[in-house]
Amino acid sequence: MDHDIFTTKEMEDILQVVGHIYRTIICVDLTDGSCHYLQDDDLAIRNVLENRNPKMDERIGRLDSCGFVYADDTAEFVRFFNIDNIRKKLDSGRKYMSLTYRRMRNGIYRWTTVEIMPSKYYGPDYQMVLVCVRDMNDEHQKQLDREAKLSEQERQLVGDKTVLVVDDSELQRTTICYFLEKHYRTIEKENGQEALDYLREHSTDISVIILDVHMPVMDGYGFLKEFQKDELLKMIPVLVLTGDNVPEEEASCLKAGATDFVAKPFKPEVLLSRIGWAIDLHEKTVMLNVLRIDSMTGCYNRDYFMHMAEHLLNRYPDEEFDMLCTHVVNLPNINEQYGVKQGEAILRYVANNYDKDDLNHSVFGRLDDATFAQMVPHSVGVGKKLFASQSDGTHEFLQVKQGLPPFMLKYGIYESVDHSVPVRVMCDRALMALNKIKNVYKQKINFYDDNIRMYALKKQQILEGMEDAVTKRQFQVWYQPKHNIFTGELVGAEALVRWIHPSYGFLSPGEFIPVFEENGFVTHMDYYVWEEACAAIQRWRKQGLSTVPVSINISRKDFLYFHDMLILKPLIEKYGLETSDLHIEVTESAYMDNPEIVIKNVNRLHSEGFVVELDDFGTGYSSLNMFCHMNIDVVKLDMSFIRQERSDQNDKMMHYIINMCKNLGLDVLSEGAETEEQRQRLISMGCDYVQGYYYSKPLPEKEFIDYLSKHS
Ligand code: C2E
Ligand code: MG
Ligand code: MG
């Protein structure tokens, strides 16, 4: 065996310093596993190190048969002495490895600790390590007894709180964890970066962080700097381990955001009591924060935002403030498509990137899943800034560099809030503006104004009054004539609803139908209108008038509510009508919403003998394919066609569409012709029928009866 593996000087040093602590001291050359015994011999270690080639099980068997290492500890013992493993750990910069196991001595198994430390010249060409064994029995046994005595409750307490120990020295970490393990769970990280990475995933699991100042990769200061940027993380207390007698280090750590410090070498009792104090403080803060912080984004939650905004208004009663609501469009879709983590990352992005121009006079918080609110001085001009960013041609979706999926934000702004209304109402007003543009393509910002307020008031009244409208017969059905464009003959009429509202008077359908479509009431209203129309035709007949077919409108919601539209046939029978007396208008957008149901129903109605008209053609983006699937009889061109600026191009396009429909065997009616010039154009393009002010506006029943008698 080569005696020069450690320098003589090194060996003398070793023996002098540690010779009386360790029973066995062995120099091991990791390149070949050869051992040189400086003090005593250890058969088990010799076996495991020198017999490197035999298979692992054989080695374990050999050890077992030697009887030196307790059977339960053998596997771990062998793993610990795996030379590749030792080398890997030392190469990664470790200065110390240890294992406690049971070893036979004088006929009984005793707790023993083996420690491995590299020679101070350790490197790729010189892989000498020192393996030292010492008897730990009394100390270790005492600890085991103590642990055994811990009541179940105490055990639970141990598992309850976790201390994150961040230190590059393994010896230091092991020592700290050793002191803490009876009281806390511990997690070890080797540098600031590793700790940050861990915390970003597990911030809520950690009660306190013990941080070394000097570490490779990211030191304590670097860690504190990053840590402070995160609203959630910075709530966790950090105890910094400072060098002995370096008061300036203590001061700079506290300045960097540490909660407290413990000077090295520390006394275990001091460390424990400081940890206890820090955790106590942390828990109180967490409890407070649960009441005010949104745990996902770190900003104020809804209630606390309201509270702080109120506070701000009280504090600056003369200042002009704006309330801004920011909404992440279609968050559930983002969660579905990219995963909840990405959705959360977007929310955190929004929570971190609000307008910070006047932080002292503004508050920011999260109102609900996808909506944030900010109360900010009017002088900051958030509205103008956002408006400028919108009008510079920015893309509909916001693409952010930080690996987030594309997303879209929409803003509702209530400028110069009225200090006398509650903050809740201020938010509602900004939200009303926001809601109006939620489905409007490319409009990102909307300002609350009197129109929105009036609209909201009206909407409320509409909702409150809708049932009365049916029972008190406030809905009226008006009829708009349809004419043959060439002969001028009256060919039909469309039944259009109007509401004579007790407070607002005459309301046109555009004002209340969208509200009824939203809440489903439209189905009740429609049935009312259909029945009124059928009853009217029956009345007219009884008066001896020759009637024309009347078209009724079917809302997209009706298809879902009136299963299979089987009700129309009984309805006409009830009034002694034929299917030819009633035409059905289905809008193109209903088809787009729910093609299958619409196709099925339209085809059924058609087969029952009803004439089906495709309403508002050209406003949606449906494919021409629908003509192949649906048995339609008439296409009603939306009035936007004839309204568009006259140009050869536009006329050609209309001509083409009309031709196409006719080739498919469909009649074409144009809505909205008001002038002779428009009528002539339609004639030149081959359109057959017209419904428009040129002939007549929609007429109340009485006037329509006159119209009917004149045109029959
Ligand atoms: P629509 O079915 O496309 O009805 C045609 C609309 O165009 C009517 O508006 C009519 O007054 C208007 N109009 C017709 N010719 C002209 C014209 O030359 N110039 C102008 N400026 N307008 C013209 P109205 O009555 O306001 O109805 C709007 C929409 O409300 C209807 O569009 C229809 O979609 C819906 N609607 C009306 N009554 C009912 C109903 O009883 N049930 C359902 N579900 N929807 C209805
Ligand atoms: Mg219609
Ligand atoms: Mg229409």
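In which strand is His583 found? I looked this up to begin with, and His583 sits in strand E20, residues 582-587, where a strand is a DSSP run of at least two residues, labelled E, a helix is one of at least four, labelled H or I, and both are numbered from the N terminus.

**Ground rules.** I note that this is a predicted model, in which local features need pLDDT of at least 70 and side-chain atom pairs count only at pLDDT 80 or more, while totals for chains, interfaces and linings use all residues. Residues are numbered from 1 along each chain as its sequence is written, chains are lettered from A and ligands numbered from 1 in the order in which they are written, and side-chain values use heavy atoms, with hydrogens and water left out.

**Confidence.** I checked pLDDT, the predictor's confidence in each residue on a scale from 0 to 100, and found that the protein averages 86, with 91% of the residues scoring at least 70. Over residues 53-61 the pLDDT is below 50, and this stretch has 9 contacts in the model beyond near neighbours in sequence, a contact being heavy atoms within 4.5 Å. Residues 150-158 also have a pLDDT below 50, and there I read 11 contacts beyond near neighbours in sequence.

**His583.** Is His583 buried or exposed? I found that His583 counts as buried, at 14% relative accessibility; buried means under 20% relative accessible area, exposed over 50%, and partly exposed in between, with a 1.4 Å probe and protein chains only. Leaving out residues up to four places away in sequence, His583 touches Pro549, Val550, Ser551, Ile552, Val611 and Glu613. With the side chain of Glu613, the side chain of His583 makes a polar contact at 2.7 Å, that is, a pair of N or O atoms within 3.5 Å, of which, within protein, one must be able to donate a hydrogen and the other to accept it, residues adjacent in sequence counting only if both atoms are side-chain atoms.

**Magnesium ion (ligand 2).** I listed the protein donors of this ion as Glu494 (OE), Asn553 (OD1), Glu585 (OE) and Asp615 (OD), lying 2.0 to 2.3 Å from it; donors are N, O and S atoms within 2.8 Å of the metal (3.2 Å for Na, K and Ca), and sites may look incomplete, as water is not among the atoms. Along the sequence these donor residues are spaced E-x58-N-x31-E-x29-D. Asn553 in strand E19 (residues 550-554) and Glu585 in strand E20 are 32 residues apart, and the pair links distant parts of the chain. Asn553 is partly exposed, with a relative accessible area of 22%, whereas Glu585 is buried at 0%.

**Magnesium ion (ligand 3).** Which residue coordinates both magnesium ions? I found that Asp615 does, with the ions 4.0 Å apart. Asp616 lies in strand E21 (residues 611-617) and Glu671 in strand E23 (residues 667-671), so the pair ties together parts that are 55 residues apart in sequence. Asp616 counts as partly exposed at 22% relative accessibility, while Glu671 is buried at 9%.

**A parallel sheet.** I traced an open sheet of 5 strands in the order E7-E6-E8-E9-E10, with parallel pairing; two strands pair if DSSP finds at least two bridges between them. Strand E7 (185-189) and strand E10 (260-263) stand at the edges with a single partner strand each, so one side of each is left without a neighbour in the sheet. Strand E9 (residues 238-242) is joined to E10 by 4 bridges, and Leu239 has Asp260 in E10 as its bridge partner.

**A mixed sheet.** I then followed another open sheet of 5 strands, E12-E13-E11-E14-E15, whose pairing is mixed. Its edge strands, E12 (363-368) and E15 (445-447), each pair on one side only. Strand E11 (residues 321-328) and strand E13 (residues 371-377) pair in the antiparallel sense over 7 bridges, and the bridge partner of Cys325 in E13 is Ala373.
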